[in-house]
Amino acid sequence: MSAAATSRVHVQYDSLERQHDTARLGMWVFLGSESLLFAGLFALYAAYRFAYPVEFHAASAHANLVIGTINTYILLTSSLTMALAIHATRRGRRRETVAFLAATIAFGLGFDVLKIVEYAGHLAEGLAPGDYYAFTALPAHGVVLYVTLYYLLTGLHALHVTGGVCVLVWLALRAQRGDFTPQSHIALELGGLYWHLVDLVWIFLWPLLYLIR
Amino acid sequence: MSLHPPPEHEHAEHTPGAAGYLLVWLALVVLATVTLFASRAVTGGWGLMVAFAIASAKAALVVAFFMHLAGGRPIHRIAFSVAMAFLVLLVIGVLADVGTRSVASSYVDEAGLPVE
């Protein structure tokens, strides 16, 4: 789509502003349903943690706190660069927009790489989900539920990070091409909202999986 | 002819600006660091409460300022708040269930294994 196509007011709207507001509303509803997708797993975590408090405590001591914490700061900072990318577009600064989007993409990829290193370390130790659990330091009872939830929650989140990076690459290419104007850049805004949701989910995952004592 | 009054172009005006975004990021980094140290200092049930309270504050900052919900249109706040309300209901419902099962614990021995 070209800039002309995205800034055209569709027939059912009386202004571009209203058209964009409708798109934002759709995005917020989508983000709400995304939150509920994760909420189901959070509720499962709460239930199993109540059932196996000692086991969850012991298991979380084997989470990689260093990588988990670095990734927390990475995602928080990527949210800043995302917000600044949109801010640059509002000021009509194309090169700045592309630079901030590139930084956000780099942070996202960095997060994924660290996550892979973390998974590889766990799998080498035998900390694998479900029937594949082979960790000798802790009996599987209860602990395996933490480990399986750890993979489910962080895996689903990492998929969102990866999907977000793909969206950001597309947005960066469009920004480079000059598709976004200070008045019309709704795709960039919606992509930004999605990226912030990825940050939001991690804000809760980090204490629940890495910091419980 | 328009059936509704024209929108007030709120989005362009009510953004925090570059300095505001930096301030929010700084607050997020400080809160994350506080979470890290608090998790070592405060243990047990209170530790989880503290961690969860700080996480909620961080989430509120991201939603309000990075995602512009604070300066956005009310309908966007309503849509997201409804989802959050159901999310809280779901978690409270589950916690109320598992947290009040005093009977269930008598079905497991000290090793946590089920007793017939």
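Trainee: What share of the 116 residues in chain B is buried?

Mentor: A residue is called buried when its relative accessible area is under 20%, and in this predicted model buried residues make up 33% of the 116 residues in chain B.

Trainee: How many helices and strands does chain B have?

Mentor: Chain B has 4 helices and 0 strands, and its elements, taken from the N terminus on, run α-α-α-α. Among the contacts in chain B with a separation of 6 or more, 58% are between residues 24 or more positions apart.

Trainee: Is D179(A) buried or exposed?

Mentor: The cut-off for buried is under 20%, so D179(A), with 6% relative accessibility, counts as buried. D179(A) sits in the loop of chain A between helix 6 (143-177) and helix 7 (186-211), where its side chain makes polar contacts with the side chain of R174(A) at 2.8 Å and with that of R177(A) at 2.8 Å.

Trainee: Where is empty space left?

Mentor: Rolling a probe the size of a water molecule over the atoms shows this. In the whole structure, the search finds 4 cavities of 30 Å³ or more, and the largest cavity holds about 120 Å³ of space. Of the 15 residues lining the largest cavity, R24(A), E189(A), L193(A), M67(B) and H68(B) are the closest to its centre.

Trainee: Which element gives the largest share of that lining?

Mentor: Helix 7 of chain A does, with 4 residues, and by class the lining of the largest cavity has 6 nonpolar, 6 polar and 3 charged residues.

Notes
Residues numbered from 1 in each chain as written. Chains lettered and ligands numbered in written order. Predicted model: local features only at pLDDT ≥ 70, side-chain atom pairs only at ≥ 80, totals over all residues. Heavy atoms only, no water. Helix = DSSP H or I, 4+ residues; strand = E, 2+ residues; numbered from the N terminus. Buried < 20%, exposed > 50% of the residue type's maximum accessible area, 1.4 Å probe, protein only. Polar contact = N/O pair within 3.5 Å; in protein donor to acceptor, adjacent residues only side chain to side chain. Contact = heavy atoms within 4.5 Å. 1 Å grid on protein atoms, 1.4 Å probe; cavity = no way out; pocket = protein on both sides within 12 Å on 5 of 7 lines; lining within 4 Å. Points joined across faces, edges and corners; volume = space filled by probe spheres on them. Nonpolar A, V, L, I, M, F, W, Y, C, P; charged D, E, K, R; others polar.
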